[in-house]
Amino acid sequence: MGIVDKKWFKFACPKCETEEITAITDSGSQYGQSAHWSGIGARGFSFVSVSIGSEPDVESATCKACGGPATVQTDYGFGEPKWD
Ligand SMILES: [Zn+2]
């Protein structure tokens, strides 16, 4: 059915050369309900989350270690995506 049930986030700090990969799961749509995403978790980065419809996204992220700006990539898939 082509259901893609995970949205992946890759946080990266270019200064510390650290990165963290986390995924959220759409736990509602397989029952025909509206999407119910679990929260985004990132231990090493603080971030500002926004909602696009019912789907959470990350607007900006900050590295907790150095306080500098972090980059965020997102992708979809059952398994971890191949990041560019
Ligand atoms: Zn950093």
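Q: Which residue in S5 stands opposite tryptophan 8?
A: This is a predicted model, in which local features need pLDDT of at least 70 and side-chain atom pairs count only at pLDDT 80 or more, while totals for chains, interfaces and linings use all residues. Residues are numbered from 1 along each chain as its sequence is written. Strands (E, at least two residues) and helices (H or I, at least four) are DSSP runs numbered from the N terminus. In strand S5, the residue standing opposite tryptophan 8 is aspartate 75.

Q: How many bridges join strand S1 to S5?
A: Two strands pair if DSSP finds at least two bridges between them. Strand S1 covers residues 6-13 and runs antiparallel to S5. Phenylalanine 11 has its bridge partner in S5, valine 72. The number of bridges joining S1 to S5 is six.

Q: What is the order of the five strands in the open sheet?
A: Let's begin with the chain itself: it has zero helices and five strands, so its elements run β-β-β-β-β from the N terminus on. In the open sheet the pairing is antiparallel, and the order is S2-S1-S5-S4-S3.

Q: Which are the edge strands, and by how many degrees are neighbouring strands turned on average?
A: The edge strands, each pairing on one side only, are strand S2 (18-25) and S3. The turn is taken with direction ignored, from axes that are lines fitted to C-alpha atoms, for helices over the stretch in contact, with angles running from 0 to 180 degrees between N-to-C directions. For neighbouring strands of this sheet, the average is 20 degrees.

Q: How many residues lie between the strands in the hairpin of S3 and S4?
A: Strand S3 (residues 45-52) and strand S4 (residues 55-63) run antiparallel, joined by eight bridges. Isoleucine 52 stands opposite glutamate 55 in S4. In this hairpin glycine 53 takes a positive phi near 65 degrees, and the number of residues between the strands is two.

Q: Which glycine takes a positive phi in the hairpin of S4 and S5?
A: S4 and strand S5 (residues 69-76) run antiparallel and are joined by two bridges. Alanine 61 has alanine 70 as its bridge partner in S5. The hairpin has five residues between the strands, and the residue with a positive phi near 75 degrees is glycine 67.

Q: What is the phi of glutamate 17, and is this residue buried or exposed?
A: Most residues other than glycine have a negative phi, and most peptide bonds are trans. Glutamate 17 is found in the loop between S1 and S2, and its phi is positive, near 55 degrees. A residue is buried if 20 or more other C-beta atoms, placed from the backbone, lie within 10 Å of its own, exposed if 12 or fewer, and partly exposed in between. Because glutamate 17 has 7 C-beta neighbours inside 10 Å, this residue counts as exposed.

Q: How far apart in space are valine 58 and phenylalanine 11, C-alpha to C-alpha?
A: Valine 58 has its place in strand S4 and is partly exposed because 19 other C-beta atoms lie within 10 Å. Residues are in contact if their C-beta atoms, placed from the backbone, lie within 7 Å. Not counting residues up to four places away in sequence, valine 58 touches Phe9, Ile40, Phe47, Ser49 and Val72. Valine 58 and phenylalanine 11 are 47 residues apart in sequence, and their C-alpha separation is 9.8 Å.

Q: What distance separates the C-alpha atoms of aspartate 26 and lysine 6?
A: Aspartate 26 is found in the loop between S2 and S3. With 19 other C-beta atoms within 10 Å, aspartate 26 is partly exposed. Aspartate 26 and lysine 6 are 20 residues apart along the chain, and their C-alpha atoms are separated by 6.3 Å.

Q: Which element has the highest mean pLDDT?
A: pLDDT is the predictor's confidence in each residue, from 0 to 100. The chain averages 86, and 83% of the residues score at least 70. Where pLDDT is low, the predicted coordinates should not be read in detail. Among the elements, S3 has the lowest mean (91), and the highest (96) belongs to S5.

Technical notes:
Contact = placed C-beta atoms within 7 Å.
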